Amino acid sequence: RTVYVNGEYLPEHEAKVSIFDRGFLMADGVYEVTSVLGGKLIDFEGHAKRLARSLSELDIRKPMEDAALLEIHRELVARNEIDEGMIYLQITRGAPGDRDFVFPPEETEPTVVLFTQSKPGLAESPAAKTGIKVISIPDIRWGRRDIKTVQLLYPSMGKMMAKAAGADDAWMVEQGAVTEGTSNNAYIVKGNTIITRQLSHEILHGITRAAVLRFAREAQMKVEERAFTIEEAQEADEAFITSASTFVMPVVEIDGAQVGQGRPGPVAHRLREIYIEESRKAAI
Ligand code: PMP
């Protein structure tokens, strides 16, 4: 695999970052995951905008223009012959020569790393046909989840808790309401209404979420942006998650309770189809 690190395209085993990198020492960095369908990028503009916002919220210098970033994404897709998969991008505050809580001087170059992940069958996912099971866990993450930082230890532990419980993923709960999934936004469906938590500092503003809500409204479905409880979700007609790497993925069980008929429902199915079709059309 060819990867990108700080201005160079290298074989992955030759790509290196400093042991003093603040991404490594302090999780002082942000990331984006952009999916690829048919060798083209889905919603690059949305990811680039959110990246710029994450960097600006943390006062990390934006190391290059979006056009240059796009060029690197495309170059990696081409060099690694990615048809379906993802591109991971990470930018950290860089590597001053030592460990210090104080931010390094202005001139410290941010570290920029990108690599590809080939996932043939991303669109024709078998999991989308059966649906996934989730458990609920407390949301103990920090208070700025709208910034896409690389502090992923708790979400990673959440996935492990789900696996240990025989489930696929976890929905996090704060003050009695679902915030989001470990790496995705959470939704329930009641009749013709799609319910998902409103945007705030408490959740990541999913790029897939924005697209799916737009398509839902265009298809005359009702959208309610508000918090919901696990109990409400268990009694809903359908549930699903969205993310750049899963698109729209039905949820058929929550904490052991079957949702609806225990099978992927029509709304999630339809939204997945629309999302994939429209994303393919708009991909660049
Ligand atoms: N919430 C969290 C906590 C996430 O990690 C992700 C995916 N990185 C999402 C939501 C979904 O965001 P997107 O649709 O932009 O992938």
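**Exercise 1.** In this predicted model, T92 stands opposite a residue of strand 6. Find which residue of strand 6 that is, then describe how strand 5 and strand 6 pair.

*Solution.* Step 1: the residue opposite T92 is T111, in strand 6. Step 2: strand 5 covers residues 85-92 and strand 6 covers residues 111-118. Step 3: the two strands pair in the antiparallel sense, over 8 bridges.

**Exercise 2.** Compare the span of helix 6 with the expected span, and list the buried residues of helix 6.

*Solution.* Step 1: helix 6 runs over residues 207-218, which is 12 residues. Step 2: from first C-alpha to last it reaches 17 Å, close to the 16 Å expected at 1.5 Å a residue. Step 3: the buried residues in helix 6 are I207, T208, R209, A211, V212, L213 and A216. Step 4: just after the helix, Q220 has a positive phi of about 65°.

**Exercise 3.** Describe the shell around the ligand by its residues, elements and classes.

*Solution.* Step 1: the ligand is surrounded by 13 residues, the closest being L204, G206, I207, T208 and A244. Step 2: helix 6 and strand 13 (238-243) are the elements that give two or more residues to this shell. Step 3: helix 6 supplies the largest share, 3 residues. Step 4: by class, the shell holds 4 nonpolar, 7 polar and 2 charged residues.

Key
Residues are numbered from 1 along each chain as its sequence is written. This is a predicted model: local features need pLDDT of at least 70, side-chain atom pairs count only at pLDDT 80 or more; totals for chains, interfaces and linings use all residues. Helices (H or I, at least four residues) and strands (E, at least two) are DSSP runs, numbered from the N terminus. The expected span of a helix is 1.5 Å times one less than its number of residues. A residue is buried if 20 or more other C-beta atoms lie within 10 Å of its own, exposed if 12 or fewer, and partly exposed in between; C-beta atoms are placed from the backbone. Two strands pair if DSSP finds at least two bridges between them. A residue is near a molecule or strand if its C-beta atom, placed from the backbone, lies within 6 Å of it. Ala, Val, Leu, Ile, Met, Phe, Trp, Tyr, Cys and Pro count as nonpolar, Asp, Glu, Lys and Arg as charged, and the others, Gly among them, as polar.
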